[in-house]
Amino acid sequence: MSVIALAGCRGAPGVTTSALALLLSWPLEPGRKMILAECDPDGGAVLHGLLQGSLGDRYGLRNLSIAARKNEFGEAFWRQLIDLSSEDGKKDSPRDRLLLPGITDPAEAAGLAPVWKALAVTFRGIDADYDHDVLIDLGRSGAVGPSVVLAEQADAVVVVVRNTLRCLQAAQARVRALEERVGDVGLLMIDEGPYAAGEVQRVLQVPVVATLPYAPRDAVVLSDGAEQSRHFTRSALMKAARTASSLLVQRVALRRSRLAPRTPVGGEVTRAAR
């Protein structure tokens, strides 16, 4: 249904933690799936963060690089996904919230050039053929060089920012660069600092699509695998993530409607301006 790319900037604004919150709270109808792909050239964080190294390095982009060279990418992709939807090891997991782990060594990014394009094609196919949703974690330096195709092919590109002076200053160059590459960019604001959403929009000149609270106690569950409280799924962070998910879906629908072919009175098909 939608392919959404999340990007960060200098200062570690919390892209992966935000992406995990969205993945685990995304509203899914029966039969639909949500896939989070860690496509950060600097390396993924979930295997040794949320999952605490329990699965080693058996899954992820590195294996897809090998599969691409053997022309086995399509089949290999689904085998690299980790199920994050199960609870307490239950065997009847719906397998509807899936993770593609990123690389563990940034040095491996140099060999991923053929993988980025193959992933972009795969994500578009998943969207069209299976009606699943895809979140792409671009990290602080993704969508530069060969990986830009992931942002170009996404339905929406959203930059995660904290509303602090330091983070807003760091985000300006990142937002401008992404706008030049993909055109339409939005913001997911982590409400840590003193600036309201309207002020953040004025400074960065792009809209704040959704806001997540600054909630370190809840965030560390996702970033580092800390023990969950009994009320974690009902925490302010996860409630806000559910609202943010709906707002992101609305943004994708609006953008698609703007880009859809239009038939004027004369009958010639045109396309709305980007």
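Reader: Let's start with Ala7: what makes it buried or exposed?

Author: This is a predicted model, so everything here is computed from it. Buried means under 20% relative accessible area. Ala7 has a relative accessible area of 0%, so it counts as buried. Ala7 sits in strand β1 (residues 2-7).

Reader: Which residues is Ala7 in contact with, beyond its neighbours within four places in sequence?

Author: The list runs Val15, Leu138, Gly139, Val158, Val159, Val160, Arg174 and Leu178. A contact needs heavy atoms within 4.5 Å.

Reader: Why does Arg95 count as partly exposed?

Author: Partly exposed is the band between buried, under 20%, and exposed, over 50%. Arg95 has 38% relative accessibility, so it falls in that band. Arg95 is in the loop between β3 (82-83) and β4 (97-100).

Reader: What is there to say about the phi of Arg95?

Author: Phi of Arg95 is near 50 degrees, which is positive in a residue other than glycine. Most residues other than glycine have a negative phi. Gln52 also has a positive phi, near 55 degrees, and Gln52 lies in the loop between β2 (34-38) and α2 (61-69).

Reader: How do you know that strand β5 is largely enclosed by the rest of the structure?

Author: Count its buried residues: seven of the seven in β5 (residues 133-139) are buried, so the strand is largely enclosed by the rest of the structure. Asp133, Leu135, Asp137 and Gly139 point one way, while Val134, Ile136 and Leu138 point the other way, and all are buried. In a regular strand the side chains alternate between the two faces of the sheet.

Reader: What makes β1 and β5 a pair, and in which sense do they run?

Author: Pairing takes at least two bridges between the strands. β1 and β5 have six bridges and run parallel. Among the bridge partners, Ala5 goes with Ile136 of β5, and Ser2 with Asp133 of β5. β2 is also paired with β5, in the parallel sense over five bridges; there, Leu36 has Leu135 as its partner in β5.

Reader: Which strands are the edge strands of the sheet, and what makes them so?

Author: The sheet is open, has eight strands and mixed pairing, and is ordered β3-β4-β2-β5-β1-β6-β7-β8. β3 and β8 are the edge strands, as each pairs on one side only. The protein chain has nine helices and 10 strands.

Reader: What makes up the largest nonpolar core?

Author: A core joins buried nonpolar residues through side-chain atoms within 4.5 Å. The largest one has 48 residues, and Leu119, Phe123 and Leu150 have the most contacts inside it. Phe123 touches Val3, Ala37, Phe77, Val134, Ile136 and Leu150, leaving aside residues up to four places away. Another core, of 37 residues, lies apart from it and includes Leu6, Ala21, Leu22 and Leu222.

Reader: How do you know that the radius of gyration agrees with a compact globule?

Author: A compact globule of 274 residues would have a radius near 19 Å, and the protein chain has 18 Å, which agrees. Buried residues make up 48% of the 274. Among contacts between residues at least 6 apart in sequence, 70% join residues at least 24 apart.

Reader: Last one: where is the confidence lowest?

Author: Among the structural elements, that is strand β10 (residues 270-271), with a mean of 39, whereas β8 (residues 208-213) is highest at 98. pLDDT stays under 50 over residues 262-274. The chain has a mean pLDDT of 88, with 92% of its residues at 70 or more.

How values were computed. Residues are numbered from 1 along each chain as its sequence is written. This is a predicted model: local features need pLDDT of at least 70, side-chain atom pairs count only at pLDDT 80 or more; totals for chains, interfaces and linings use all residues. Side-chain values use heavy atoms; hydrogens and water are left out. pLDDT is the predictor's confidence in each residue, from 0 to 100. Helices (H or I, at least four residues) and strands (E, at least two) are DSSP runs, numbered from the N terminus. Buried means under 20% relative accessible area, exposed over 50%, partly exposed in between (1.4 Å probe, protein chains only). The radius of gyration is taken over C-alpha atoms; the globule rule is 2.2 Å times the number of residues to the power 0.38.
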